[in-house]
Amino acid sequence: MIDRLNQDFSFYQTAINLRQQRQEVLASNIANADTPNYKARDFDFKAALQGAMGDQMRLPDTQLTLTSPRHIPAKAVSPDPADLLYRQPLQPSLDGNTVDMNVERVQFADNTLRYQSDLTLISQRVKTMMAALQQ
């Protein structure tokens with residue numbers, strides 16, 4: 001029973017963690033709106049969520065064992081599902097900054113709304129489970 005509850009909430013936990021991570025990226029973009037040569041960054045939430053939920057299919061990171069001091073260290077790292085991408089500016093500024101405050105504000109508000117919606121949904125699910133357990 002506890003395993004099923006854990007599986008049920010793991011999706012929401014992952015979604016909220018990614019929303020929080022995206023919120024930090026968007027806040028960083030807004031904070032650096034006046035920084036010359038700053039490049040706005042973001043990630044595709046849907047792809048990141050699919051990647052995070054499909055972690056069972058992801059290969060683990062690998063590092064080769066060095067048996068001689070002349071060996072070159074090598075490491076294979078699977079890409080993070082929430083890899084940051086550079087946002088393409090609609091109208092780049094002369095100082096090289098690619099932050100468009102209108103886009104950032106809309107994305108920040110949208111992400112905040114979805115974050116709060118996820119929290120409300122989880123709260124309702126917990127209340128429903130508590131009511132079912134009390135009966």
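Exposed here means over 50% relative accessible area, and buried means under 20%. With that in hand, welcome to a few close-ups of this predicted model.

**View 1. The two sides of helix 2.** Helix 2 spans residues 45–53, and its buried residues are Phe45, Ala48 and Leu49. These residues lie on the same side of helix 2, because the arc they cover around the axis is only 100°. Turn to the face directed away from that buried side and you will find the exposed residues Lys46 and Gln50. Part of the cover over the buried residues of helix 2 comes from helix 1 (2–31).

**View 2. An aromatic pair, Phe11 with Tyr12.** Two values describe any pair of aromatic rings: the distance of the centres and the angle of the planes. The count here comes to 1 aromatic pair. In that pair, the ring centres of Phe11 and Tyr12 are 5.5 Å apart and the planes meet at 75°, so the arrangement is edge-to-face; the cut-off for that label is over 60 degrees.

**View 3. Arginine over a ring: Arg19 and Phe45.** Here Arg19 sits over the face of Phe45, 3.6 Å from the ring centre.

**View 4. Arginine over a ring: Arg41 and Tyr86.** In this close-up Arg41 lies over the face of Tyr86, and the distance to the ring centre is 4.2 Å.

Definitions and conventions:
Residues are numbered from 1 along each chain as its sequence is written. This is a predicted model: local features need pLDDT of at least 70, side-chain atom pairs count only at pLDDT 80 or more; totals for chains, interfaces and linings use all residues. Side-chain values use heavy atoms; hydrogens and water are left out. Rings of Phe, Tyr and Trp (its six-membered ring) pair if their centres lie within 6.5 Å; planes under 30 degrees apart count as stacked, over 60 as edge-to-face and the rest as tilted. A charge sits over a ring if NZ of Lys or CZ of Arg is within 6 Å of the ring centre and within 35 degrees of the ring normal. Buried means under 20% relative accessible area, exposed over 50%, partly exposed in between (1.4 Å probe, protein chains only). Helices (H or I, at least four residues) and strands (E, at least two) are DSSP runs, numbered from the N terminus. The arc is that of the directions from the helix axis to the C-beta atoms. Contact means heavy atoms within 4.5 Å.
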